Structure formats: structure tokens, C-alpha cells
Amino acid sequence: MRLNKRLAIPALAVAAIVALSGCTDSGEAGDDSSAPAVDETIEFEAGTTMAELNEAGTITIGTKFDQPLFGQVDADGDPQGFDVEIAKLIAAKLGIPETGIVWTETVSANREPFIQSGEVDIVVATYTINDKRKEVISFAGPYYNAGQDLLVLAGNPEGIEGPEDLEGKPVCTVSGSTSEANIAEYTTNVTALSGYADCLEPLRSGAAVALTTDNVILAGLAEANDPEFEVVGNPFTEEPYGIGLAKDDTEFRNWINDVLEEAFEDGSWADAFERTAGTVLPVPDPPAVDRY
């Protein structure tokens with residue numbers, strides 16, 4: 001696998017932080033034995049994004065580098081997780097092997113700009129589909145349904161049972177995320193940082209009483225830092241994860257949806273989940289893709 005050269009050093013820095021904090025990864029997601037089969041004979045209609053990527057033999061994919069279970073770099077600087085496996089499935093169906101993927105770190109605040117500028121071809125990064133984002137990009141999917149929840153210190157010393165208990169209390173989340181917009185309905189005392197892992201120290205120190213984002217991300221952080229934190233377990237939103245791509249590239253969007261539906265049906269989606277997020281979370285039923 002290749003990392004975007006501009007981001008290779010930060011990726012390794014993240015890996016070092018992960019190692020120091022005791023974060024673990026099963027490693028299975030990166031094994032060659034789990035790599036999706038690449039169809040080297042596939043052909044696409046000339047002029048489509050699929051044809052261009054297939055001919056180039058490479059695709060640049062944006063994902064998170066600090067999200068346990070979904071997108072996190074390992075000790076070698078290679079991304080691992082459910083989002084990464086979904087991205088590999090798409091690349092394989094384009095006739096592109098893992099060695100043809102250029103991974104670029106995308107954080108919540110830069111996902112739309114990276115797609116709009118062409119810096120990435122697609123983004124698979126715990127990326128919630130919403131109408132505001134669809135004004136500037138398009139989405140395929142969803143490929144997973146999450147829900148926003150709260151991470152607190154183990155034992156829940158503040159007795160927080162839901163967002164209604166947060167009025168006036170300091171909460172940490174990520175800048176540019178849907179979580180930031182959602183939590184503003186319950187408290188104005190919000191610290192927005194660049195990554196969710198950055199919120200763990202404020203939570204430890206008492207500078208924040210809770211970290212809020214999607215429950216699956218919180219579950220990964222809690223697992224990686226066991227036994228320091230716990231998830232409240234009371235989701236208060238619905239967060240359908242989609243694959244971001246260029247605005248109005250309808251052919252590419254429909255093709256990715258076809259790939260997802262095939263993965264739902266043939267078991268490869270469930271297999272990818274079991275090897276990654278499924279080490280902590282139960283395997284859910286696949287969602288229905290949105291054919292807007």
C-alpha cells in the first residue's frame with residue numbers, strides 16, 4: 001500500500017502515538033489473505049470515471065488515520081479498519097490492487113475540499129450523508145448506519161445519561177463534523193479539535209466531561225484505551241455513512257452503489273466488518289443504498 005507522500009510523516013507520527021497509548025489493531029484487515037480479488041479483465045465505458053481510474057491503475061482514497069475499528073494507521077503506517085476494507089472492495093472492482101491505492105488522510109473539516117479539488121477520488125471516512133454536504137459533493141451508499149453518542153470517564157462520575165445532561169458543561173468533539181453541529185443544540189460549551197483522539201486528554205483532565213461523536217468511533221476509542229472510558233450507550237441521532245465523490249458524477253455514484261449492493265449480497269461486506277469493527281461490535285444488517 002502507498003501513503004500520500006505529503007502525509008506519510010504525519011501518518012507515522014500517529015502510529016507512534018497509537019503505540020504509546022496502548023491502542024491495538026487485529027491486523028487481519030491488512031493481511032494479503034483478506035485482500036479482495038481484483039478483476040483484471042473488467043472493462044468500462046470510455047469517458048467514465050471508472051474507465052479513467054481503471055486505465056490509470058491507481059486511485060487516491062481519503063480516509064481517517066485515527067479512528068480505531070474504521071480507519072487507523074498501524075505500526076507500519078498502513079491504514080486499517082472497516083472503512084479501509086470498503087475502499088479496497090471498490091478499488092478491486094475497478095481492477096486496481098491494494099498496491100495501486102494511494103491513501104490520503106482526511107479529517108472531518110477537509111473532506112469536501114479534498115473531493116472538490118480533486119486531491120482524492122473518493123472519501124471513505126466515517127462520513128455522514130447530509131443535505132448540506134450534498135450541495136457540494138455527491139454520496140454513494142450508505143454502507144453503514146451509526147448514531148451519535150457520548151464517551152465519558154469510566155464509572156461515569158458526572159452521571160451523564162444523554163445530551164440533555166450536558167447543558168452548560170464542557171464537551172469535546174471534532175471541528176467540521178456533524179457531531180459538532182448536533183451537540184450545539186444541547187450546550188454552547190464546546191471545544192472542537194482536529195481529531196477525536198485529541199479529545200481524550202481533555203476528558204482525562206476534566207477539561208471536558210464528555211467526548212461526542214458516532215457510537216462506533218467511541219466504541220473503538222474505548223476499546224483502544226480500556227479501562228479508562230465508557231460509552232453512555234444512548235444514541236441520539238442517525239448517522240448514515242456514505243462514500244464521498246465528485247458532485248453530480250452520477251455514473252460513478254451508481255456504479256459504487258452497485259458494488260456495495262453486491263457486497264451486501266455475497267457476504268464480503270459482512271466479512272469485512274467481522275474482521276475489523278466486528279472484533280468489538282455486533283455485525284449489523286446492511287443498510288439500503290439511497291438511489292437519489
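This is a predicted model: local features need pLDDT of at least 70, side-chain atom pairs count only at pLDDT 80 or more; totals for chains, interfaces and linings use all residues.
Reader: Okay. Which residues point one way from β6, and which point the other way?

Author: The general idea goes like this: side chains in a regular strand alternate between the two faces of the sheet. Now the case here. From β6, Ile101, Trp103 and Glu105 point one way, while Val102 and Thr104 point the other way, and all of them are buried.

Reader: So what does that say about how β6 (residues 101-105) sits in the rest of the structure?

Author: Five of the five residues of this strand are buried, so β6 is largely enclosed by the rest of the structure.

Reader: Next, pairing. Do β2 and β6 run parallel or antiparallel, and how many bridges join them?

Author: In general, strands of a sheet pair through backbone hydrogen bonds, and the pairing can be parallel or antiparallel. Here, strand β2 (residues 59-63) runs parallel to β6, and five bridges join the two. For one example to look up, Gly62 has Thr104 in β6 as its bridge partner.

Reader: What about the sheet with β3, β4 and β5: in what order do the strands come?

Author: That is an open sheet of three strands, ordered β3-β4-β5, and the pairing is antiparallel. Its edge strands, β3 (66-67) and β5 (79-80), each pair on one side only. Look at strand β4 (residues 71-73): two bridges join it to β5, and the pair runs antiparallel. Across that pair, Val73 stands opposite Pro79 in β5.

Reader: And which strands form the sheet with mixed pairing?

Author: That open sheet has five strands, in the order β11-β10-β12-β9-β13. At its edges are β11 (190-193) and β13 (229-231), each of which pairs on one side only. From one strand to the next, the twist averages 30 degrees.

Reader: How many bridges does β9 make with β12, and how many with β13?

Author: β9 pairs with β12 over four bridges, in the antiparallel sense, and Asp149 stands opposite Thr213 in β12. With β13, β9 pairs over three bridges, also in the antiparallel sense, and Leu153 stands opposite Phe229 in β13.

Reader: Why is β9 largely enclosed by the rest of the structure?

Author: Because five of the six residues of β9 are buried. You can also see helix α7 (residues 215-224) lying across β9 (148-153), β12 and β13, at about 125 degrees to β12.

Reader: Let's move to helices. At what angle do α3 and α8 pack?

Author: Helix α3 and helix α8 (residues 250-266) pack at about 115 degrees, with their axes 10 Å apart. Angles of 65 to 115 degrees count as roughly perpendicular, and therefore these two helices are roughly perpendicular to each other. Their crossing is right-handed.

Reader: Which residues meet where α3 touches α8?

Author: From α3 come Ile86, Leu89, Ile90 and Lys93; from α8 come Trp255, Ile256, Val259, Leu260, Glu262 and Ala263. By class, that contact has eight nonpolar, no polar and two charged residues.

Reader: How do the axes of α3 and α9 cross?

Author: The axes of helix α3 (residues 82-93) and helix α9 (residues 268-275) come within 9 Å and cross at roughly 150 degrees. This crossing is right-handed. Phe82, Glu85, Ile86 and Leu89 in α3 meet Ser268, Trp269, Ala272, Phe273 and Arg275 in α9. That contact divides into six nonpolar, one polar and two charged residues.

Reader: Which residues of α9 are buried, and what covers them?

Author: Ser268, Trp269, Ala272, Phe273 and Arg275 are the buried ones. Among the elements covering them are α3, β8 (137-146) and α8.

Reader: Last one: which residues are buried in α2?

Author: In helix α2 (residues 49-56), they are Thr49, Met50, Ala51 and Leu53. Their cover includes β2 and α8. After α2 comes Gly57, whose phi is positive, near 75 degrees.

Key. Residues are numbered from 1 along each chain as its sequence is written. Side-chain values use heavy atoms; hydrogens and water are left out. Axes are lines fitted to C-alpha atoms, for helices over the stretch in contact, and angles run from 0 to 180 degrees between N-to-C directions. A crossing is left-handed if the near helix is turned anticlockwise from the far one by less than a right angle, and right-handed if clockwise. Contact means heavy atoms within 4.5 Å. Ala, Val, Leu, Ile, Met, Phe, Trp, Tyr, Cys and Pro count as nonpolar, Asp, Glu, Lys and Arg as charged, and the others, Gly among them, as polar. Two strands pair if DSSP finds at least two bridges between them. Angles under 35 degrees count as roughly parallel, over 145 as roughly antiparallel, 65 to 115 as roughly perpendicular and the rest as oblique. Buried means under 20% relative accessible area, exposed over 50%, partly exposed in between (1.4 Å probe, protein chains only).
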